[in-house]
Amino acid sequence: MDETEFWEIVDSTREAAEGDPEDQADLLVERLVRLDPEAVLDFARHFEARYNRAYRWDLWGAAAVLLGGASDDAFDFFRCWLIGRGREVFEGALHDPDALAGLLDDFDEELDGDAEELGYAADEAYEQLTGVVAPDLGLPPRASEPEGTPVDFEDDAALAERFPALWERFGPR
């Protein structure tokens, strides 16, 4: 599976789920079980590589603005959600996290920003296909610390300065 096919699967399941992350995860499992096990592992490698690429302080700060704070777990689930939004949103956010203000049509804290289930979809599909747990993907381990300069999530002024467009559109009112 190449990168284009990976993003096509992500996009088609998001569109079919009308943006609902839980529905997208269910649809993703349904889509992946139609593939052979090696293709499912390829999908998992693409997902995990992007998940690890997004382990950055600046994205964590953007998540904190959007979510009104972001614990370790919340940021993990946010990164899954970010991948689930598709290539344009994901790559745009990696290029400039503040650009999420223009890349997102809307943001509903009850629905958006948390897609934990997307992170497990390939594992679930692989297990359904083979009856065994997915093997190690052979990817380098995630860094112990996020890339970049730490962000103080408790300092509203610093967040507003670092993410002016996000803060104006989604920050506390």
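I began by reading along the sequence, and the protein follows the pattern α-α-α-α-α-α-α-α-α-α. I then looked up the totals, which are 10 helices and 0 strands. Helices (H or I, at least four residues) and strands (E, at least two) are DSSP runs, numbered from the N terminus. The radius of gyration is 16 Å, close to the 16 Å of the globule rule for 173 residues, so the protein is as compact as a globular protein of that length. That radius is taken over C-alpha atoms, and the rule is 2.2 Å times the number of residues to the power 0.38.

A note to myself: this is a predicted model, where local features need pLDDT of at least 70, side-chain atom pairs count only at pLDDT 80 or more, and totals for chains, interfaces and linings use all residues. Residues are numbered from 1 along each chain as its sequence is written, and side-chain values use heavy atoms, with hydrogens and water left out.

Next I checked the extent: the C-alpha trace spans about 50 × 35 × 25 Å along its principal axes. I also found that 46% of the 173 residues count as buried. Buried means under 20% relative accessible area, exposed over 50%, and partly exposed in between (1.4 Å probe, protein chains only).

Then I visited Glu18, which sits in the loop between helix H1 (3–16) and helix H2 (21–32). Its phi is near 55 degrees, a positive value in a residue other than glycine. Most residues other than glycine have a negative phi. Is Glu18 buried or exposed? I looked it up: Glu18 has 75% relative accessibility, so it counts as exposed.
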